[in-house]
Amino acid sequence: MRRRDFLKVSVAGAAVTSLGVPAYLKTAWAQGPIKIGMPAALSGGNSQYGIQAKRAADLFAKDMKSKGILGRPVEFIFEDTGGDPATAVRKAQKLVEKDGVKFLTGVVLSSEALAVSAKCPEWKVVFMSTINGAGSLTAKSYNRNFFRVNTSGPMGARAVSLYLAEAPMKRFFALGSDYAWGRDSVASFTSQITAAKKEIVGTDFPPVGTKDFGSYIAKIRQSKADGVYLVLVGQDATIYLRQAHQFGVNREVKPIMEILELENMKAVGDAMVGAIGSSRYPFTVDTPKNRDFVKRFHEMHGIYPDMFDGETYEGLEWLVQVIQKAGTADDIEKVIEAWEDSTYDGLEGQFMMRKCDHQAVQPGFAVECVKDPKYPHPIPKILATYPGDKVTPKCRTEEFS
Amino acid sequence: MADVLEQLLNALALAGLLFLVSAGLSLVFGILRVVNFAHGVFYMLGAYLGFTTVALTGWFWPALVVVPAVVGVLGALLESSTLRFIYRRPPIYQLLLTFGLALILEESIRVLYGPTAKGVEPPPLLQGAVTLGALVYPRYRLLLAVLGCAVGAAVWLFLRHTRAGLVIRAVAQNSEMAGCLGADVARVRTLVFGAACALAGLGGVAAAPMTTAYLGMGIGVIVDAFVVVVIGGLGSIAGSMAGSLIVGAAQTWGAYYLPETAMVIMYAVMGVILVFRPWGLLGEEE
Amino acid sequence: MSARRVWALAAVVALAVVPWVLARHQLSLLTDLLIAGLFAMSLDLIMGYTGMVSFGHAAYFGLGAYASALVLLNYAQPIPVALVAGALLAGAVALPVGWFSTRATGIYFAMLTLAFAQFLYALAYKWRGLTGGSDGIAGVPKTTLVWGGPSLASPHAFYLLVAACVVLSVVVCRAVVRSPFGRALEAIRENERRFTSLGRDPRPFKVVVFVIAAAFAGLAGALFAPFRGFASPEVMFWVFSGQGLMMVIMGGIGTLIGPILGAMLFILIEEVLSSYTEHWMIFTGIVFVLMVIFLPGGLVGTARRLGARA
C-alpha cells in the first residue's frame, strides 16, 4: 500500500483550465487538493471495519475521478490507528497539523471517536462519523464540529424494537458485551421493549473477548425466552452464534442482533440463517441508485458491500455535496452552516442533517438473515423499513418520544 | 440436575482447551526457563492452519495430526535460529524475543488470511448434540475434555517413563551436568520448544470449530494460559492440569453465578493461590 | 567537564531551544516521545536497577492519567496540581500492590503485577460513573501553570512543561540510583540470596523502588491526559506494559537515559513504518528481534561499548 493514495483529478484540472475557466476556479486550483484524513483502524482486532472505510473511499475516489470538488482534486490520506484511542488522537493530530486536513472521517471505534472529536473544535476541523454508534456523540458529548451520517446505536435498537412490537415474540433475554455500546444498547432496548408491553427475562454482559459462551447459553435457554437481543462486538457475535448453534439454542431462542452484518454472515454461514435484527446499511436495498452502487462496488472489490462500506460512501458523497454548496473547503464554519438542515439523496433513502445535534435523520431497517443461491453467503433481507422521524431519538438525547 | 451437569461439562471442555494451550507453555518454562510470549500465536496459527486443512481436504481428523506437526516444525526452526543464541542472557531477553516473534507471526497471519474470521465445521461424527437424559450437549465439546486428558496423560507418561523423557528432565534440572554426561542439550531444547509449539497448535485446531479462527485469538488466550501455568506451578504437567481445571471451573461458574466478576475472577483465584503458595500449587521453590 | 556532562548539557539546551526550530506537528510528536520516555525510564528503575520484571506497569500510567483528567476536567486546577495528584495516586496504589507482589519473585512476581494491573483495568472499564467506562474521559483541558497564572494551552508552553518534568525526573532518578539506596538495589539485582545472607531484608527496598517507579509512571500519565485530552482504559492494558518493556530493552536496560531513547526509537519506527505499510508490525518485530539478539545493550549500551573501544 502506498503511503498516500493520491486520487488526483489531473485530467479534469488540465481540461478545465485549458478551456479558459472563470478566474475564481483557477485560484481554487492554485490552492491545491481538498484533503480528507482517515485515521482508521487498519490493523488489529477491529481492522475489518477500518478496511470497509478504506474500500468505500477507494470506490468514491474512482467515481470522483472526472469531477473534483470546486475544481480541486480530492485527496484521501489514511493513517492506521490500530483501534487504540491514544494512537487515534496522535494520528489525527498529525493529519491536521502536518498534512493540513480539514475533514476527519473513517474513525472506527466510538472510544476513538470521542477522543478525536473532542479535539476538533480546537483544531478547527470537521469530524464526520460514518461508523460510530455511541449515542453520547450526539447527546452528552456533542460539539458543533461533529456530524454523524450513520445510523446510531440507539437508532438500531429502535428499529429492532419497532419490529418486535408487532411480532408475536413476548419474552426476551438481552446479552451485551460488557462495555459502553453493549450496556447502552441493552438499556435502550430494555426501555423500549417494556414500553411495548413485552418482557425482559434476563440480561447478561460477557466481557469483550469471551471465548466460551457456554454458561450464558445455558442461562438463555433456561430463561425460556423467545428471542435473545445480542449486542456483541463483531468477533464475539460470531463465536456466540456458532456456539449457540452447536447447542441447538438458535432454534429455541431466536437471535436478534442490533447489528446484522455481512462479516458475521460470512464467518458463521448457515448457522445464522433466521437471525433477525437491524442493519445500518443493507446492500439489498432495492433502489436504482443502490443497485448501481452495489454493482460498481462488486466490480472493484469482488465482494458485496457491508454496512460500513455503504455508510462511508454515503458520508463521502454527502460531504462533497455540502462542500460544493458552501463554496469553500477551507472555511469550516461555512461548511458546518451549509451542512445543517441540508438533505441528501442517499443509497438507502432520504437523509436530513438535523441542526440541533448533527445527527442525520434516515430510514431504519429491520432485516433477516436468509440464504439466497445467487450469493456465496447468507444475505440480509429487508423485513421492514421505518421512516427517519420514527427511528431517530429526540434532539441531543438517546430517548424516543 | 441437568443444569449442574451442563455446567460441569462446560468447565471440563474449557479446562481441556486451556490445558492444551498451557501444557506447552509450562514445559518451555520448566525445561528451557523461557517465558514464551509467542505461545498464543502458535495456538492461533494452529487454528488457521486447521481451517486451511479442512478447506483443502474436506477432512477434519487429519488436521489434528498434520497441523501440530507443521506448527511444531516452525517452532523448532524459530528456536534454533533465534532463541538458541541468547540462552545465557538474563531471562528478560528471552521473554522479549518471544514477544517480538509474536508480533511478527501475528501480523503475518493477518497478511495471509485477512481480517475476517474463518469458520471451521466440526467433523460429521462430532456435529450436533448428544442427549444425556434431560440435557442436550454439543458433541464437539466433549472432544475437548477427552483430548485434554489424553494429551496430558501421554505427555506425563512420556516424561516419566521413557528414556527420552529422562534426558529432558535431566537437562531441566542441570543442563551443564547433563551436557557433560553426553546429552545434546541444544537439540533437547529445540525439540522441547518444537513439541510445546505443536501442543499449542493442537490446541488451536481443537478450538477452531468451537471459537472460529480469528485474529486476536493469540492475545486472548495467552494471559489465560499464563494464569493456568502460574497457578499450577511452572514446569509441572500435573500442575497445568490442575490449573486448567481450576481456571475452567472459575470462568464457567463465575460467568454463571457472578457475571459482574467475569473479567477478573481468574486473577482473583490466582492471587489467592499465590498468597498461600507463591510457587504455584505444584511448582518448585526457586 | 567530563564527556557525559557535556552531552547532558547539550541535551538540555537542545530541548529548550527546539520549540522555535521544529514544525508544529514535530513538536507534538516530540512531546509524545518525552512522555513515553518518562514512562519507560520509570520502568527501568525496577527492571534495570533492581532486576524486577513487571507486566503491569501501565496500570500506574493509567492511574496518573485518570487522576489528572478528573482534576483538570472537574476542578479546573492548574496542571501541576494534576501532576501531583497523578503521581500520588499511582504511588499510593503501588504500595499495597508492591507489598503483596514482592512475596514472590521472578515470573511469579511478574504475574502478580499483571493480575493487579488487570484488576485496575477492569475497574476503570466497569466504573462508568467515575472513569467513563470503556469510552474513557474526553475533553480534558490544558489549564494553567499556577492559580491565575499563564496558560499552558499553547503547544510551545505545554512542551516546555513536559520537557522540564522529564529533565527533573531524570535528575531525581539519577540521584536515587547513585545513593546508597540505589546501590542496595543493584546488589539485590545481582544476587538476592547473598543480600539476604548478609543480614538484610530485600523486601522493603523492592517495595520502595516499586512505589517510586509507579509514581514516575503516574507523572507520565498525568502529563498524557491534558496533552491528548483524554484518558481511557487502553492505556492501562498489559499490551502497553509490554511495549514499555520493549522500549527499555531497545534503549538500554539499566541506563535511565537509554529507555527514554528507546521509547523514542520505538514510536518513531511505528510512525515512519505505519505510513508506508499497514503491516508495519512485522518490521517492528523484526527490528526488535534483531536488536535483542545482536544489540543486547540497546542504544545506549551499544554506544557506550563502541565509545569505550574508541
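This is a predicted model: local features need pLDDT of at least 70, side-chain atom pairs count only at pLDDT 80 or more; totals for chains, interfaces and linings use all residues.

Residues are numbered from 1 along each chain as its sequence is written, chains are lettered from A and ligands numbered from 1 in the order in which they are written, and side-chain values use heavy atoms, with hydrogens and water left out.

Chain A contains 15 helices and 15 strands; helices (H or I, at least four residues) and strands (E, at least two) are DSSP runs, numbered from the N terminus. Its radius of gyration is 21 Å, close to the 21 Å that the globule rule gives for 401 residues, so chain A is as compact as a globular protein of that length. The radius is taken over C-alpha atoms, and the globule rule is 2.2 Å times the number of residues to the power 0.38. Along the principal axes, the C-alpha trace of chain A spans about 75 × 45 × 35 Å.

How much of chain A counts as buried? The share is 68% of its 401 residues, where buried means under 20% relative accessible area, exposed over 50%, and partly exposed in between (1.4 Å probe, protein chains only). Of the contacts in chain A with a separation of 6 or more, 70% come from residues 24 or more positions apart; a contact means heavy atoms within 4.5 Å. Chain A exposes about 13,500 Å², and carbon and sulfur atoms supply 53% of that area. Accessible areas come from the Shrake-Rupley method with a 1.4 Å probe, and for residues only the protein chains shown count as cover. Chain A has 51 positive and 46 negative charges, whose mean positions are 1 Å apart. Lys and Arg count as positive and Asp and Glu as negative, while His and the chain ends are not counted; the place of a charge is taken as NZ of Lys, CZ of Arg, CG of Asp or CD of Glu.

A sheet in chain A may now be considered in detail. Strands of a sheet pair through backbone hydrogen bonds, either parallel or antiparallel. In chain A, an open sheet of three strands has the order 11-12-13, with antiparallel pairing. Strand 11 (343–345) and strand 13 (360–361) of chain A are its edge strands, each pairing on one side only. Two strands pair if DSSP finds at least two bridges between them.

Strand 12 (residues 350–353) of chain A is joined to strand 11 of chain A by three bridges. Across this pairing, A:Asp345 stands opposite A:Gln350, and A:Thr343 stands opposite A:Met352. The hairpin of strands 11 and 12 of chain A has four residues between the strands, and A:Gly349 takes a positive phi near 145 degrees there. Two bridges join strand 12 to strand 13 of chain A, and here A:Met352 stands opposite A:Val361. The hairpin of strands 12 and 13 of chain A has six residues between them, with A:His358 in the turn at a positive phi of about 60 degrees. On strand 12 of chain A, A:Phe351 and A:Met353 form the covered face, whereas A:Gln350 and A:Met352 form the uncovered one.

Chain B has 11 helices and two strands. Its radius of gyration is 19 Å, close to the 19 Å that the globule rule gives for 286 residues, so chain B is as compact as a globular protein of that length. Buried residues make up 60% of the 286 residues in chain B. Chain B exposes about 11,100 Å², of which carbon and sulfur atoms supply 69%. The centres of its 14 positive and 13 negative side chains lie 10 Å apart.

Most residues other than glycine have a negative phi. C:Ala76, although not a glycine, has a positive phi of about 50 degrees. C:Ala76 is placed in the loop between helix 3 (58–75) and helix 4 (79–101) of chain C, and C:Ala76 is exposed, with a relative accessible area of 56%. C:Leu256 likewise has a positive phi, near 60 degrees. C:Leu256 is placed in the loop between helix 11 (238–251) and helix 12 (257–276) of chain C, and C:Leu256 is buried, with a relative accessible area of 2%.
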